[in-house]
Amino acid sequence: MIKLETFTKKYGSFCAVDRLSFQVSSGEIFGFVGCNGAGKTTTIRFLATLIRATAGDGVIAGYSVTRQPREVRRHLGYVPDTFAEFPGFRVKGFLDFFARAYGVPRQIRRRRVEDLLDRLGLAAYARTDVRKLSRGWKQRLYLARALVHDPPVLILDEPTAGLDPVARMEFKSLLKEWAAEGKAILLSSHNLAELADMVTHVGIIERGRMVVSGTLREVLTKTDRRPRVRVHYLGAPDRLETTLRNLPQVRWSRAENGQVILEFVESSQKGEVVFAQVLRTLVMAGIDVVEYQPLLPTLEELFVQATAGNALEESQRV
Ligand code: ATP
């Protein structure tokens, strides 16, 4: 549904995006992640037909971005990271205007605008001047605008930046609904923690190049970080600390919110075997273990590793 094929963008001699390729299928939510200046907005603006490629192409719903930009716009919902001012519009009129511009038939238009106002919590603001909306509400309005023509592809540049926690939760469940309806969704962010529970796939870009991509799980398990486990236990920490000190499998431990995180040393044995051995030792030492949970690497850890840093891991050691 969204395909980027060796897209390259140069500004003079500076290469902002270098032969970037990825694909997002119907029903997938692709998190496009990278530091400031990595090339996310450049890529997204190309897919939205707003800038030309130096080389390469993209495909949106079967149409070439470079050769069929009109068709691409018809099949694409795009939310930019900055909002233009539209003087004189009220919220509902604004949506109606764009629905007309996209040629949505009258009967469908009315229902769709009402539905979007409801789904995005904008109904109470239907008669509010667009310029008076706060950034978060404007963001919802632009999201609604991107959907008035019911496009199969949705591309959102930093969509969670201005949202409060409640709006963020609502946004997450809407994304999932749209993906379940079959839309292909791409969203960019540099806030990895925010994306982790929203996306099905991730691509990490650094200085215009993809450094790692795949399903969220694939990408998280690609890290070479040593296995970790979170132990929730009852009682004083002394006995646990003594037991841990005598466990050769444990590389370090760190107390966190009344629980403890253990990182294991490299081992020729399978991870599961080591997990089980340590649990057995803790229980046999008389520690009341309530919960024992293997921890997947976080997106932050993955990002730091993929972008060749190990400062985060160092800073977490005790
Ligand atoms: P952010 O998270 O800060 O929005 P980004 O990943 O979206 O960053 P881009 O805006 O795509 O990054 O920028 C990628 C690189 O291209 C940056 O180094 C930027 O300075 C450069 N760049 C972007 N637009 C232009 C332009 N019109 N002329 C020259 N350089 C540009």
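Which residues line the largest cavity? They are Val79, Leu120, Gln139, Arg140, Leu143, Leu156, Pro159, Leu163, Ala167, Glu170, Phe171 and Leu174. A cavity here is a set of points, on a 1 Å grid over the protein atoms alone, where a 1.4 Å probe fits but cannot get out, and lining residues have an atom within 4 Å of a point.

This is a predicted model, in which local features need pLDDT of at least 70, side-chain atom pairs count only at pLDDT 80 or more, and totals for chains, interfaces and linings use all residues. Residues are numbered from 1 along each chain as its sequence is written, and side-chain values use heavy atoms, with hydrogens and water left out.

Helix H5 (135-147) and helix H6 (165-180) each supply at least two residues of that lining, and the largest share, 4 residues, comes from H6. Helices are DSSP runs (H or I, at least four residues), strands likewise (E, at least two), numbered from the N terminus.

Now for the ligand. It is surrounded by 13 residues, the closest being Gly37, Gly39, Lys40, Thr41 and Thr42; a residue counts if one of its heavy atoms lies within 4 Å. An N or O atom in the side chain of asparagine 36 is 3.0 Å from a ligand oxygen atom. For threonine 41, a polar side-chain atom lies 2.7 Å from an oxygen atom of the ligand, and for threonine 42 the distance from a side-chain N or O atom to a ligand oxygen is 2.5 Å. Strand E2 (14-24) and helix H1 (40-47) are the elements giving two or more residues to the shell, with H1 giving the most, 3 residues.

Definitions and conventions
On a 1 Å grid over the protein atoms alone, a cavity is a set of points where a 1.4 Å probe fits but cannot get out, and a pocket is an open set with protein on both sides within 12 Å along at least five of seven lines; lining residues have an atom within 4 Å of a point. A polar contact is a pair of N or O atoms within 3.5 Å; within protein, one must be able to donate a hydrogen and the other to accept it, and residues adjacent in sequence count only if both atoms are side-chain atoms.
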